[in-house]
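Welcome! Keep the sequence and the 3D view open as you read, and follow along from one place to the next.

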Amino acid sequence: MTVSTRRLDQDFAIEQTEATDKLVKILCELLANGEEREKCLSAQILGKFGNSTAQAALAEALRDEDEDVRSDAVEALISAGKGLDADVLLWSLLNDPVLEVKLSAIDGLAIVGGTVAEEWLTKLAKDRCEDDVAWDGYGAEWDDWLDVQRKSILALGTLKCEASAATLLEAARDPFGQEVWPEVTVALAEMGVTGLLELAGLASDASARVREHTARALSSAKDERVGEILRALFADADPDVRVAAAEVLMARGEEADLAVLLADSEPQMRRLALKAPGKISYSKLEKVAFEDEEETLRVMALERMVSVEITKPDALIERIERSLRSASDVFVAALIPVLAKVESEAATSLLKEIATHRTEEAVLKAFIVLHGEKPSVEGLAVLQEQVTSAEQEIRLAALNSLAKLAEGEGDIADNASVQLVWAVSGKLMPEAHDQDILDTAKEKDPSDLGNNGKGEDKPTRVQIDREGNVIEPQAPEEIVAEEEVVSEEPAAEDLVAKVTSGANEVVSEEVPEGAIESVEDLPDNVVAFPGSTLGAILNTEDELEKLAEEPVELGKKDMHFLELANELIEKKRVVPGRPDDPALDIRLLALRICGDAKRPELIDALVSALSDRQMQVRFAASQSLVHLVENGLELSEDAIDRILALPPENDVAVRAMRVELLGTSSKPEAEKVVTAALKDKTDAVSASALKVLAGKAKANIDVRSYLSSPRRRLRVTALELVSAEADTGALDDIFEAAQMENGVLIPGAATCLRCYSQEKVLGAMEQWLEGDLSRKLAALEVLNKYVA
């Protein structure tokens, strides 16, 4: 066993060793003479090694006949970032017709630079250069030059090619060209003084669109004079330009006059001021909160008022009283924390008045949040009442506030904790849904089950005989006598005659001349199928032969099921936004909220919920307990005994979490259960047991043996455990595990290998690259992920 040489969060760098040189030679050989997939993977890997041998092989691969290989090779050269040859890249730009190769070559030229590179990039920023450049896709809907033009413009900015500034402006003003102002302004912003002078001129351009692009391009410029241009644009007549300039000023960390922003006619400018971290006086916030036209901005101003000192509380309360009658629920909800900050009798009285007369959901939720932050007996009563609200959002807010109160000390915290225990235990029932639940549990009226002796006014159920034929019910004589007109279903022969003769829905009393009067008179190409009118009209001979099979013999159980099926089908009433079982919803919300609990009574309630009949309750309770254990909670012996006494669990996820909980105990009974779970037939349970037992020395578990398990979950767990041990003898086992199931675990295996000595891993790679094609590809994919 060796100590891990690095952590997974550290940057990875290839060390130049003898093993590295050998591996590079193997990869160069594969890049030159391998299959297409081998070449592509080898090119990607060689770009990450970056030595001279790898760069030479990649440069040679730029002339490969396969375009995917050429694309990977040029991208690998660029990713290496050193030793680039401008002539090699320029050859690919001019002669390779593949767009991806051209764009990558431009990226490389932006790194290398040089007179020749700047010359060609300037040409391509203005013209297609069809006589000198090979293009692909003539006649297609999209012209590759458009992408090349944009890329070339940005590259010229990166190279700070000031001589091309005039050419870029000419290309941008071309009335028949594409929209390249964003790229041109960004390029000018990177060109230094020359570019800034051009941008200063564009700041007064007649087009507001150009001025906006100019403002946004200045975000990347590094010059003291940028602020002057931005401030000029900050006072622009166009609101979009002002917004762009303000955003760039704030992004650059320069001071923007928030008072000017708040006074701007554009709502977006005022929104920027309210979002800015700078100080805004209380008077200005108050003005926006009660006088702005945009309600969103008024609410934002109120939210900021909570964090500033309220200098005139009496005047504030007067303004609030005047605005309450016409204010929206969102605005009133934002007022509540502001009023709570005043802490005066008038503010308290106003809060009580709002709570009495404004019962909207947003207002109620604001009060619930306030009661969780400021403990009070009255607030606790509100939370106890609203935890059983008909609305899920209100229930959730009430439970969250109760959880905050339970973290404190005193009677209020104790009562909040008791309320959470009741919620977890299922003792809270939403009052608004009591009648719904009673209706569901109520015994059904026998008359709802049909007309077969169980009801007189209900439609009859469909009955089927032993041959599978539908038995038509006979209507009672008295009912037929009461009806004035009895509409009889036309016979098959009549319907055939009507359809074949082109008759309308109203059947004529007289049969037209030449109409088909009986089935025997049908043409040869029409087949009458007894018992199926549509089949007699529409079906072909082949389809009728399929239908005319021997009847299916149904047993007594089948017939009984068919007779009862109609009775068992019920329409489910769906109410939008309302859970199927609100009482269960309260329990599940409370169980999840208690996942951060510290009080013993809440933990005890979670353990008690593990024996609930509802699987969802057991799952939520198990999940919360596992979360608590992972954060340092130690379950008591009594809790472990209660978990051991639980009946067998059917749900796989709950069983797996139960194993994790028992794994924290040293009791022989718990260890026995965990050991038995290792042989469980479900992957989740056995993987959970493997994770627990691997951390116990006396369990003596051979983790490496599970790397070859046919069960994926066990292999994933074994990879994680082997990474922690850093056993160099497991390298081959890790690679073999990566090859299983078509390499689904290759990323995990590569991550696992990063915890081992680089020399050992690269040495093992040489052996893994020997073998058949599938083994080589697997080794290359692992290596590609390993050096990523």
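Predicted model: local features only at pLDDT ≥ 70, side-chain atom pairs only at ≥ 80, totals over all residues.

A residue is called buried when its relative accessible area is under 20%, exposed when that area is over 50%, and partly exposed in between.

By the rule used here, the structure has 40 salt bridges. One of them joins Glu649 to Arg658, with the closest N and O atoms 3.5 Å apart. Is this pair buried or exposed? Arg658 has a relative accessibility of 15%, so Arg658 counts as buried. Glu649 is buried as well, because its relative accessible area is 9%.

Now compare that with the salt bridge between Asp683 and Arg711, whose closest N and O atoms are 2.5 Å apart. Asp683 lies in helix H38 (residues 683–694), while Arg711 belongs to the loop between H38 and helix H39 (712–725), so this pair ties together parts that are 28 residues apart in sequence. Asp683 has a relative accessible area of 27%, which means that Asp683 is partly exposed. Arg711 is partly exposed too, with a value of 23%. Salt bridges can also share partners: Arg128, Glu130 and Asp143 are joined in this way into one network.

Asp638 and Arg642 form a salt bridge in which the closest N and O atoms are 3.9 Å apart. Asp638 has a relative accessibility of 46%, so Asp638 counts as partly exposed. Arg642, with a relative accessible area of 27%, is partly exposed as well.

Next, turn to the aromatic rings. How many aromatic pairs does a search of the whole structure find? The search finds 2 of them. Phe290 counts as buried because its relative accessibility is 17%. Phe331 is buried too, at 4%.

The other arrangement to look at involves Phe735 and Trp768. The ring centres of Phe735 and Trp768 are 4.5 Å apart and their planes are at 5 degrees, so the pair is stacked. Here again distant parts of the chain are linked: Phe735 is in helix H40 (residues 731–743) and Trp768 in helix H42 (residues 758–768), 33 residues apart. Both Phe735 and Trp768 are buried.

Lys123 lies over the face of Trp120, at 4.4 Å from the ring centre. In another example, the charged end of Lys102 sits over the ring of Trp135, 5.0 Å from the centre of that ring.

Let us step back from side chains and look at helices. Two packed helices are described by the angle between their axes and the distance between the axes. For helix H33 (residues 600–609) and helix H34 (residues 615–630), the axes come within 8 Å and cross at roughly 135 degrees. H33 and H34 are therefore oblique to each other. Their crossing is left-handed.

Another stop is Val369, found in helix H22 (residues 361–373). The C-alpha atoms of Val369 and Ala398 are separated by 7.5 Å, although the two residues are 29 residues apart along the chain. Val369 has a relative accessibility of 36%, so Val369 counts as partly exposed.

Finally, look at the backbone in two loops. Cys129 has a positive phi of about 55 degrees although it is not a glycine. Cys129 is placed in the loop between helix H7 (115–126) and helix H8 (144–158). With 10% relative accessibility, Cys129 counts as buried. Glu343, also a residue other than glycine, has a positive phi near 55 degrees. Glu343 is found in the loop between H20 and helix H21 (345–357). At a relative accessible area of 63%, Glu343 is exposed.

Methods:
Residues numbered from 1 in each chain as written. Heavy atoms only, no water. Salt bridge = Lys/Arg side-chain N within 4 Å of Asp/Glu carboxyl O. Buried < 20%, exposed > 50% of the residue type's maximum accessible area, 1.4 Å probe, protein only. Helix = DSSP H or I, 4+ residues; strand = E, 2+ residues; numbered from the N terminus. Phe/Tyr/Trp six-rings, centres within 6.5 Å; stacked < 30°, edge-to-face > 60°. Lys NZ or Arg CZ within 6 Å of the ring centre and 35° of its normal. Axes fitted to C-alpha atoms, helices over the stretch in contact; angles between N-to-C directions. Parallel < 35°, antiparallel > 145°, perpendicular 65-115°, else oblique. Left-handed = near helix turned anticlockwise from the far one by under 90°.
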